Amino acid sequence: MVKWSSRELQFFALERFDERYGCYRLSAREAEASMVSSLRQFGQISPVVCCLREETPCLIDGYKRLQAARRVGALDGLSARLIEVDERQAKVAMYRLNQVGRRVHVLEEAWLIYALVREDGLSQLEVAQLMGRHKSWVCRRLALLEKLAPGVRQDLQLGLLSPTAARAMTQLPTGNQGELLETVRRESLTAAEVREVVKLLLGSSTREQKEFVLEKPRQALSQARGGPTPAWDPRLSTAGNRVARKLGALLDYLAGMENWLRHRGRGELSLCDGGILSPGFARLAQDGRVVSELANDLVEEMKLA
């Protein structure tokens with residue numbers, strides 16, 4: 001728990017602030033411009049938060065205010081509230097103090113967590129408890145730094161890629177993420193589509209399959225969801241393409257027959273039709289059961305392959 005210093009608010013000259021923890025923050029130009037306007041009009045409304053290191057104020061919360069104050073030019077310093085924290089607690093405080101109002105960027109969270117786990121030696125569970133989060137939350141943010149390719153991480157930082165899409169891409173080897181990133185940019189894929197495309201890529205066994213998914217992601221997704229089958233699917237062998245064409249035609253006919261049986265059926269037929277068509281429907285029922293059993297057996301075999 002953060003312990004507030006018993007001292008009253010302190011006033012420090014702008015040049016005295018130590019910004020060593022600024023490496024865990026992203027620059028926000030638009031927000032700083034708004035803060036400049038506020039400081040000029042109203043002055044400093046709320047104090048920044050610092051901890052002392054050898055009597056030097058190390059800024060924990062208030063980076064936009066400090067940068068804005070330097071741009072205003074008319075301010076000599078800022079009032080600060082002091083907290084008594086060690087190095088680990090200082091990082092946790094940076095996260096906790098930004099939970100109200102400003103939304104912490106997912107990369108800022110990741111930088112803080114990385115420092116606590118990899119540099120300060122805390123376990124992921126300990127960090128989760130300190131930050132009031134679940135261990136999986138900590139693990140996902142570590143992955144953004146340890147499993148994302150630099151280009152993908154840059155797009156995330158610039159807001160060109162959503163955190164959800166970035167987390168999905170951590171499942172791929174870093175060497176393959178650049179190709180998917182180009183596809184995401186070219187096709188303007190949504191986060192949900194990126195998640196599905198990642199699954200298709202992980203399930204692809206040949207280079208041809210992966211190239212098809214990357215070149216025509218929405219067509220690949222449509223096929224995976226049971227959409228129309230193209231004349232030739234580069235993901236399949238020659239025999240596989242023959243079976244796919246037959247399967248697609250059969251499924252289309254079955255869908256049409258199911259719709260007719262459900263919604264029109266015998267009401268559309270005359271009395272003379274029944275005697276002629278009845279044997280055919282009897283065979284459909286019998287053969288359909290046999291094909292269903294064989295198809296189920298094949299599906300189970302494919303799961304084990």
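## Loops, a helix and a surface patch

Glu54 is exposed, with a relative accessible area of 80%. The model is predicted.

**Two loop residues with positive phi**

Glu54 sits in the loop that links β3 (48-53) to β4 (56-61). Its phi is positive, about 55°, although Glu54 is not a glycine. Most residues other than glycine have a negative phi. Ser188 is another case: its phi is near 55°, again positive in a residue other than glycine. Ser188 lies in the loop between α9 (174-187) and α10 (191-203). Ser188 counts as exposed because its relative accessibility, 54%, is over the 50% cut-off.

**Asp61 in strand β4**

Strand β4 contains Asp61. Is Asp61 buried or exposed? Asp61 is buried, because its relative accessible area of 13% is under the 20% limit. Which residues does Asp61 touch, leaving aside those up to four places away in sequence? They are Arg25, Val48, Val49, Leu97 and Asn98. With Asn98 there is also a polar contact: the two side chains are joined at 3.5 Å.

**Helix α6**

Helix α6 covers residues 135-146, twelve residues in number. At 1.5 Å a residue, the helix should span 16 Å. The buried residues of α6 are Trp137, Val138, Arg141, Leu142, Ala143, Leu144 and Leu145. An α-helix has 3.6 residues a turn, so residues three or four places apart point the same way. Which helices do the buried residues of α6 pack against? The partners are α3 (87-96), α4 (106-119), α5 (124-131), α7 (150-158) and α8 (163-169).

**A nonpolar surface patch**

Val243, Leu247, Leu250, Leu251, Leu254 and Leu284 form a nonpolar patch on the surface. Together they have about 520 Å² of accessible area. Which helix gives the most to the patch? Helix α13 (residues 238-263) does, with five residues. Leu254 is found in helix α13. Leu254 is partly exposed, because its relative accessible area of 41% falls between the 20% and 50% limits.

**Accessibility by residue**

| Residue | Relative accessible area | Class |
|---|---|---|
| Glu54 | 80% | exposed |
| Ser188 | 54% | exposed |
| Leu254 | 41% | partly exposed |
| Asp61 | 13% | buried |

Note on methods
Residues numbered from 1 in each chain as written. Predicted model: local features only at pLDDT ≥ 70, side-chain atom pairs only at ≥ 80, totals over all residues. Heavy atoms only, no water. Patch = residues over 30% accessible without salt bridge, like charges linked within 9 Å, V, L, I, M, F, W, Y side chains within 5 Å. Areas by Shrake-Rupley, 256 points an atom, 1.4 Å probe, with all protein chains shown as cover. Salt bridge = Lys/Arg side-chain N within 4 Å of Asp/Glu carboxyl O. Helix = DSSP H or I, 4+ residues; strand = E, 2+ residues; numbered from the N terminus. Buried < 20%, exposed > 50% of the residue type's maximum accessible area, 1.4 Å probe, protein only. Expected span 1.5 Å × (residues − 1). Contact = heavy atoms within 4.5 Å. Polar contact = N/O pair within 3.5 Å; in protein donor to acceptor, adjacent residues only side chain to side chain.
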